[in-house]
Structures are given as C-alpha cells and as structure tokens.
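Here are a few friendly notes to read alongside the model. Keep the 3D view open and follow each point as you go.

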Amino acid sequence: MLNAQTTQQVHRRHHVKKDGRDLFLYSHAPHTLAPTNDLDPVAKPEPHMRWHALRREWVAYATNRQNRTYKPPPEYCPLCPVKPGAYPGEIPFETFDVAVFENRFPSFHLDAATAPALPIETKPGVGRCEVVIYSPDHVGSLATIAQDRRELLIHAWADRLTDLLGRPEIDFVLPFENRGEAVGATLHHPHGQIYALGFRPPIIETQAASFRDDPVLDRLRDQIGDRYDIVTGSTMAAFVPPFARFPFEIWVSPFAHHAGPWSLSSAEVSDLAAVLGEVVATYDALFDQPMPYFMHLMAAPKGEEETFQFHFQFLPLQRSADKLKYLAAMEQGTGVFLADVAPEEMVDRLRDARPNR
Ligand SMILES: [Zn+2]
C-alpha cells in the first residue's frame, strides 16, 4: 500500500485523536491495540504570515506556540507510549513502532483562514505541521534504533510526503530533525518533524532552480568520486560536500535519480536506513557525545520531480568537543559562512571516528 518498495510488508493505521488531529501508526505487523489516555483539546490555532519586504520572504507567526510543552520531565514525556490509566500523551497506545501525528501547537494549519489586517501584506498560515516519532523508547537516536525501524521511518516519510504533496494547498514538504538542546529541541524523545507549506521558501526555490539547470549532485559525484565519502553504500553515499558550510556537514545522496523517498527500491530503502544510522553513529563517536544537528530531507517541491535530486543534509553545530558553531553576524547578515575546519580535514576526522569502518 505504500509507494516505496519493501521486502517486509508495511502497515499504516489511521487513528483520529480526541481533539480531531490525525495520528498514523506505521508497523510491520498490523497495530490493533485499543486506545488509552489521549490529551485534551487546546485552543484552535490561527497562524498567519507577514511579508518581509527586504528579504522577500514570509515570516510565520503562531502565538499559540508560546504555551507548548517545554523540556518536560521524562515521566511526563508527551511522545512516550501511554499505559492504560497513565498520564495522557500524544500517542494513546501501550506501544507502537513509528508514529506520525499533527502538531498540537502548529506554525501552519490547513484550516488557517484569517490574518490580521495590517499596513503590510499578511496572509493565513496555510500548511501543516506533523511530528514523527522514531521509537516508543524515550532514549535513542537514528543511530541506536534498529535497522528495520529506520526502514519503517523511511516508509513513513515517503507516505507523508506523498499524501501532503497530493493536497492542492501544499507546494513543498520538509521532513527535518532538530537534535539536541543546542539546536533548540525541547523534547528529548527521538523524533523529527514535517512542515508542509503552501508556498516555496527562497532557499528551496534556489535549490530547485539549480537542479533545473544542472543535475548538481550527479555532477559533483563525477567531480569528486568517493574522495569525500564517509560511507559508501551500494546505492548511495554519505559524504562531506567540499563546500561544507557547517562543521562536519554530511549529505546523503542516492546514485540513481529520485525526486523523493517514495520511489526508492527495497535495496535503496535498506541502504538508506543503514547509511543514516552510520552517519549519526559517526557523529556521536566524533566527540564521544551526542552531536547536535539539523537534518533536512530534501525532496522535490511540487512540479520539480523531473530534475530535483532527493537527498539528506546533516548540519551539525559542534565544531569541537566543547565548542559550538554560532551563526554570527556574517552568517546572519549576509549568508556568507565562515568555517574554521577545511572539508578535507572533516573527512579525515569523520572517517577516523566511524565506529563500524
Ligand atoms: Zn518519551
């Protein structure tokens, strides 16, 4: 039933939460447990956007997010499974494998209908925000969850991308992960998010335009071969881009053309799952601590499927064991990144750190 190929069957259960939000449970065996304690409804969100005339981009406002859950103690984690009679949570079942639900405090909403009347251009924040839970276990990461759970996660991403991009209001969908307090993660349970937007952000339009001109990632592979690889799989590689902006930046790119994970073969799903695990294991071994990073799953915006090359970008913030990279005046003001480790040195150090080489 899901588009990407798999050797094991993937089941999706759709459950409507007490407040009407969608919850999807992905598993290899059918999920048939009875629901337990769900969360109570909160006020309906009314996100809106304002046009930034100088940067020519939208700024999103969602004031309801000020009240969202912030670093709760583990026993009140809203992403953990909920035993019968226990404190309610987002996934009201005793257990699950991979779960995706609509964010309770979204920055965008498909029903957003109003925006304040101001002297500047405004519009409703139409879109959708979802949360992706990698595991029922409170502690873990892409490196520590099992291979078949990472494969399920890839199927979940593919399924959500296909569904969201199929909606007329949506132009672009970004699955991502903010990992660690250093990048602003407020919940520790292993999870990522998905933002579906009704417009195309400038950085994404620039990427799409680059791919329309040239198959940039194929060209790069022709230029550098495996010289910058951290992991070379049979169908894809993880490598440091030779123009890395962030310390120890890694991209994961399939050798064959894919606009998104929805068209991957079962061999590619398996390879991608293994490579993602290796990348995060290598990061965590580098400074012997969990590496804080931003991870982006870059899939084609609507209509760009012919040319856009699906890939992942990992953007870490730790530049040494005790120093964080800050986006300072030059980066913030001009977009010009100042790096103090050469990509070639990043490659050597990451290869040395890789646990399973
Ligand atoms: Zn938890």
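This is a predicted model: local features need pLDDT of at least 70, side-chain atom pairs count only at pLDDT 80 or more; totals for chains, interfaces and linings use all residues.

**Notes on strands, core and helices**

1. Four bridges connect S2 to strand S5, residues 98-102, and the two run antiparallel. To find this pairing on screen, look for Leu23, whose bridge partner in S5 is Phe101.

2. S2 also has a partner in strand S1. S1 covers residues 11-16 and S2 covers residues 22-27, and six bridges pair them in the antiparallel sense. Opposite Ser27 of S2 you will find His11.

3. Now follow the chain from S1 into S2. Together they form a hairpin, with five residues between the strands. Take a look at Gly20 in the turn, which has a positive phi of about 95°.

4. Next, the interior. In soluble globular proteins, nonpolar side chains tend to be buried together. Here the largest nonpolar core has 81 residues, and among those touching the most other members are Val173, Ile230, Val240 and Val252.

5. Which residues does Val252 touch, leaving out those up to four places away in sequence? They are Met236, Ala238, Val275, Leu276, Val279, His311 and Phe312.

6. Finally, two helices. H1 (residues 147-165) packs against H4 (residues 266-286) at an angle of about 115°, and their axes are 9 Å apart. Angles of 65 to 115 degrees count as roughly perpendicular, so that is how H1 and H4 are described. Their crossing is right-handed. On the H1 side, the contact is made by Gln147, Arg150, Glu151 and Ile154; the H4 residues include Val269, Leu272, Ala273 and Leu276.

Definitions and conventions. Residues are numbered from 1 along each chain as its sequence is written. Two strands pair if DSSP finds at least two bridges between them. A nonpolar core is a set of buried Ala, Val, Leu, Ile, Met, Phe, Trp, Tyr and Cys residues joined through C-beta atoms within 7 Å. A residue is buried if 20 or more other C-beta atoms lie within 10 Å of its own, exposed if 12 or fewer, and partly exposed in between; C-beta atoms are placed from the backbone. Two residues are in contact if their C-beta atoms, placed from the backbone, lie within 7 Å. Axes are lines fitted to C-alpha atoms, for helices over the stretch in contact, and angles run from 0 to 180 degrees between N-to-C directions. Angles under 35 degrees count as roughly parallel, over 145 as roughly antiparallel, 65 to 115 as roughly perpendicular and the rest as oblique. A crossing is left-handed if the near helix is turned anticlockwise from the far one by less than a right angle, and right-handed if clockwise.
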